[in-house]
There are 2 protein chains.
Amino acid sequence: MKPTIRDVAKMADVSISTVSRVMNAPESVIESKRIRVLEAIEKLQYQPNSFARGLIYKKSFTLGLLIPDIENFYYTGIIRGMQDACIKLGYSLMICNTDRDKNRLLSYIDAFHEKQVDGIVFASDIMYPEYYEKLVRCRIPFVLLSTHSYEYEIPSVEIDDEQAAYDAVKFLIDLGHEDIGMIGFNHENSISGPPRYQGFIRALEEAGLGRNGEKIRYATHRFEHAYHAAHELFTDYPELTAVFCVADEFAMGVISYLKDRNILVPGQVSVIGFDNLRMANMFIPKLTTIAQPMYDMGCRAAEKLHEWLTTGTVEVLREKMEHKLIVRESSRQR
Amino acid sequence: MKPTIRDVAKMADVSISTVSRVMNAPESVIESKRIRVLEAIEKLQYQPNSFARGLIYKKSFTLGLLIPDIENFYYTGIIRGMQDACIKLGYSLMICNTDRDKNRLLSYIDAFHEKQVDGIVFASDIMYPEYYEKLVRCRIPFVLLSTHSYEYEIPSVEIDDEQAAYDAVKFLIDLGHEDIGMIGFNHENSISGPPRYQGFIRALEEAGLGRNGEKIRYATHRFEHAYHAAHELFTDYPELTAVFCVADEFAMGVISYLKDRNILVPGQVSVIGFDNLRMANMFIPKLTTIAQPMYDMGCRAAEKLHEWLTTGTVEVLREKMEHKLIVRESSRQR
DNA sequence: CCTTTGTAAGAAAACCTTTTCAAAGCGATT
DNA sequence: AATCGCTTTGAAAAGGTTTTCTTACAAAGG
């Protein structure tokens with residue numbers, strides 16, 4: 001049987017109050033007893049029962065993280081950052097992978113509610129009203145990661161997608177490319193789809209290349225879709241010399257397609273990705289890409305949630321992190 | 001304030017016992033009252049407090065998962081499998097990423113202990129006595145995943161590493177290769193290192209190629225190390241026409257190195273990986289590899305733990321899952 | 001020497017649920 | 001009419017901790 005505070009008290013020959021005090025306010029108990037208690041704790045390997053504690057504090061000291069796809073390095077970076085921040089802040093972390101399934105997400109919120117997590121980081125794309133209402137009904141505070149909401153006042157952490165996309169495309173233009181295509185996210189079920197499209201368009205128009213604005217195909221997260229989208233794109237626009245991809249996995253799909261067609265990257269076509277996943281540096285050729293600070297974003301999201309939980313407010317509601325262009329081997333001067 | 005069972009009782013004008021019964025044994029309360037209670041529950045959005053419940057049941061209905069490296073697709077596959085199994089079995093899942101840090105792992109065990117997880121799946125390489133003793137002291141049941149222990153009697157789920165390595169090398173031999181090198185895991189801090197080495201040696205010796213038994217370099221998990229190890233390997237043995245890698249990430253590192261040296265894969269050198277990560281199918285060239293059923297292994301580990309928790313025993317102590325050779329583009333007839 | 005102040009530590013209440021035990025109601029059997 | 005057995009319900013205990021309230025005692029101040 002797990003030892004309880006009572007067992008410790010008995011062994012140290014003090015009351016349970018004293019044991020509790022040794023754990024929570026050690027200064028308030030006289031040294032001789034404190035030592036006895038500490039010894040008993042050590043000997044019994046006593047660990048306070050978190051159920052009893054939770055009952056009193058009405059807190060679980062656990063945060064929840066909702067991610068859409070754990071098989072995406074983007075989210076694993078976030079997890080590492082958030083977990084490290086949680087350790088620093090004294091929280092445990094409960095990670096749930098929704099596999100982009102709405103019902104699954106909803107049922108994870110129930111699970112979080114039942115387990116009384118103190119707060120949730122929601123890194124699962126769009127904040128649909130269904131989700132929002134459920135979270136509010138359950139009275140669970142939450143912050144958004146890599147997404148935002150203008151409809152509701154929810155703290156969020158993300159990069160400036162429009163500017164990042166602009167920077168990527170501007171880079172291609174500066175390399176001398178004039179026929180630039182894009183593999184994007186569908187706009188309906190994606191938060192970052194529209195702003196990245198906007199950035200693409202802005203860079204083109206600024207350079208007087210507006211006519212390229214339609215050389216776009218869409219894919220849904222996976223390599224295979226991007227491969228297929230690349231096929232469509234190059235079938236319709238064989239003149240392209242550069243492609244802007246809104247995800248590194250898309251860039252890999254495009255490059256694989258071009259490879260199969262015996263089109264050299266970056267010899268004939270430059271490809272730029274987005275995210276700077278760990279894989280971007282392992283692929284052949286190594287990917288030129290826009291780096292997101294995934295690890296830091298995970299940290300910030302946890303810190304922000306903590307801020308919200310402890311102070312009841314948040315310094316910056318919608319926080320932007322810095323992105324960065326990383327030039328590697330998949331792009332070349334035209 | 002969160003509504004309690006008392007609020008429901010008051011609203012429905014019954015005792016709290018009745019409310020509790022409605023939730024746990026509905027048939028035992030007469031219909032008229034049951035309906036009143038259900039209505040009150042609905043109106044108040046009542047959800048039983050899991051702390052109070054845990055206090056009584058002494059169970060958290062939560063399992064813990066310890067993994068060494070969340071930025072490795074191998075483990076993300078496992079996570080998916082285990083999470084799905086947990087949903088089916090009615091558990092929540094708490095994932096902790098140790099980053100291969102001993103102290104961190106130890107402190108996660110403390111966290112699991114404090115949170116009173118019902119059991120742990122340990123997918124973190126070697127079961128050092130330190131870990132074992134701590135887990136036993138904390139009285140937390142656990143099972144091993146992708147690792148095992150002959151020293152202790154612990155349930156485990158893994159593949160037959162020796163046979164899998166043998167199959168991989170045999171495949172290369174059957175393709176006509178006679179100069180085969182290997183990039184392995186260091187034997188000191190790895191469970192699968194030695195058996196995969198044994199499999200490599202057995203296949204070579206069986207084919208009368210025993211002299212190749214020393215054409216081996218070691219790396220520690222990461223692409224960059226494998227790249228470096230490949231450099232050493234090919235500097236010492238430029239005659240190699242095939243390389244057996246004990247991880248897909250190693251295979252990518254080797255192929256990148258060969259690419260930089262303008263050595264064609266599979267044209268001049270065949271490379272075979274291990275694991276069949278999602279990336280194996282995205283790399284250029286697509287990797288020939290030994291597939292491990294990561295998803296199923298995650299499932300099985302959770303089921304096994306559940307079996308252990310509920311029945312107090314386990315049908316097969318050390319369970320082996322099937323591996324499979326997947327032939328893609330990184331290997332070719334000599 | 002008596003009163004006040006302060007410190008250390010125990011007793012007991014509170015947190016919320018489940019479950020055991022007891023009691024009440026009621027029809028059926030002797 | 002008394003007893004029995006059954007169903008339904010409420011009261012109360014238990015689970016482990018924190019915290020408030022009290023008490024006991026020692027030191028300081030008048």
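**A close look at the DNA-facing surface**

Tutor: Sorted by class, the surface near DNA strand C has 12 nonpolar, 8 polar and 6 charged residues. Here Ala, Val, Leu, Ile, Met, Phe, Trp, Tyr, Cys and Pro count as nonpolar, Asp, Glu, Lys and Arg as charged, and the others, Gly among them, as polar. Before we go on: this is a predicted model, where local features need pLDDT of at least 70 and side-chain atom pairs count only at pLDDT 80 or more, while totals for chains, interfaces and linings use all residues. Residues are numbered from 1 along each chain as its sequence is written, chains are lettered from A and ligands numbered from 1 in the order in which they are written, and side-chain values use heavy atoms, with hydrogens and water left out.

Okay, back to the DNA. In total, 26 residues surround DNA strand C, and the closest are A:Ser15, A:Thr18, B:Ile5, B:Tyr46 and B:Ile56; "near" means that a heavy atom of the residue lies within 4 Å of the strand.

Now some polar contacts (pairs of N or O atoms within 3.5 Å). On B:Ile5, a backbone N or O atom is 2.4 Å from a phosphate oxygen of DNA strand C. A:Arg21 reaches a base: an N or O atom in its side chain is 2.8 Å from a base nitrogen of DNA strand C. Helix 2 (16-24) and helix 4 (50-57) of chain A, plus helix 1 (5-12), helix 2 (16-24) and helix 4 (50-57) of chain B, each give two or more residues to this surface. Helices here are DSSP runs (H or I, at least four residues), numbered from the N terminus. Helix 2 of chain B gives the largest share, 5 residues.

What about the two chains themselves? Their contact (heavy atoms within 4.5 Å) takes 60 residues from chain A and 59 residues from chain B. Together they bury about 5,600 Å², 55% of it on carbon and sulfur atoms; that is the accessible area (1.4 Å probe) the two parts lose on being put together, summed over both. On the chain B side, B:Phe51, B:Glu71 and B:Ile284 lose the most area to chain A, together 14% of what that side buries.

Terms used
A polar contact is a pair of N or O atoms within 3.5 Å; within protein, one must be able to donate a hydrogen and the other to accept it, and residues adjacent in sequence count only if both atoms are side-chain atoms.
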